[in-house]
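Please find below a short note for a colleague who is reading this model for the first time. The points may be followed with the structure open alongside.

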Amino acid sequence: MEATSLSSQFTLTRVLNRETIRNSGLVFPHLANPRRIPASRRKLLSVRSSSITAQNGGGFRREKHRLGAKDGVIVVDHGSRRKESNLMLNEFVAMFRERTGYPIVEPAHMELAEPSIKHAFDSCVRQGANRIIISPYFLFPGRHWHQDIPQLTAEAAKEHPGVSYMITAPIGLHEQMVDVVNDTINRCLSHVEGDADECVVCSGTGKCRLYETAKHQ
């Protein structure tokens with residue numbers, strides 16, 4: 001996923017063109033008619049959406065349990081052998097820190113690249129954090145969320161007695177991800193049709209193009 005910004009509409013991709021969504025005329029029935037979503041899932045989406053609703057010029061609503069000055073946040077992704085992909089997490093973390101105002105926010109890669117979860121944990125503690133919030137930059141809860149990240153975090157925490165930590169849910173089924181996916185689709189289509197430059201993710205890769213298949217005779 002490309003380095004991202006959390007704007008007032010939870011835009012996750014810096015290069016997204018939100019006007020494309022507004023003018024697309026697309027309708028998402030499951031959002032227009034919430035009854036089509038199971039009650040348990042509607043409740044989950046409602047709680048998660050309300051907890052990050054942006055207001056007051058794009059800032060985040062001050063929640064009762066908002067992070068404090070002694071809290072550190074580690075945004076952890078999988079990690080890649082591709083340097084450019086890893087650098088995108090750094091850009092996201094910088095934008096996340098600026099948008100939220102949280103003083104201690106560090107990037108981490110679960111594997112394949114530095115900084116590791118341990119390195120990020122150590123860095124948060126050095127900056128004065130006594131509670132660490134691990135935020136997995138993953139869409140869905142697979143093995144990495146259930147097993148790998150908890151194990152790596154527990155190992156990192158052993159060196160810091162008295163420092164507590166928690167691992168949050170991944171991004172999951174947040175309803176505004178519909179906007180993100182649709183926005184990305186429209187942006188890439190705009191490039192293919194010659195109406196927009198390549199986005200940061202596609203730039204220089206040659207991937208953002210229409211592939212033609214041979215017609216059967």
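1. In this predicted model, Phe96 has a relative accessible area of 14% and is therefore buried, the limit being under 20%. Phe92 is likewise buried, with a relative accessible area of 5%. Both residues belong to helix 4 (residues 83–100), where they are four residues apart, about one turn of the helix.

2. The structure holds four aromatic pairs. In the pair formed by Phe92 and Phe96, the ring centres are 5.9 Å apart and the planes meet at 35°, so the pair is tilted. Ring pairs also join Phe92, Phe96, Tyr102 and Tyr137 into a cluster.

3. The largest nonpolar core comprises 17 residues, of which Ile74, Val76, Phe121, Ile132 and Ile149 touch the most other members. At least two residues of this core come from each of strand 3 (71–77), helix 5 (117–126), strand 5 (131–136) and helix 6 (143–157). Helix 5 gives the most, with four residues. Apart from this core lies another, of 13 residues, including Phe92, Val93, Tyr137 and Met177.

4. Which residues does Val76 touch, not counting those up to four places away in sequence? Among them are Ala108, His109, Met110, Ile117 and Ile134, as well as Tyr137, Phe138 and Ile149.

5. Glu193 lies in the segment after helix 7 (177–192). Is this residue buried or exposed? Glu193 is exposed, because its relative accessible area is 58% and the limit is over 50%. Glu193 and Leu210 are separated by 17 residues in sequence and by 9.3 Å in space, C-alpha to C-alpha.

Notes:
Residues are numbered from 1 along each chain as its sequence is written. This is a predicted model: local features need pLDDT of at least 70, side-chain atom pairs count only at pLDDT 80 or more; totals for chains, interfaces and linings use all residues. Side-chain values use heavy atoms; hydrogens and water are left out. Buried means under 20% relative accessible area, exposed over 50%, partly exposed in between (1.4 Å probe, protein chains only). A nonpolar core is a set of buried Ala, Val, Leu, Ile, Met, Phe, Trp, Tyr and Cys residues joined through side-chain atoms within 4.5 Å. Contact means heavy atoms within 4.5 Å. Rings of Phe, Tyr and Trp (its six-membered ring) pair if their centres lie within 6.5 Å; planes under 30 degrees apart count as stacked, over 60 as edge-to-face and the rest as tilted.
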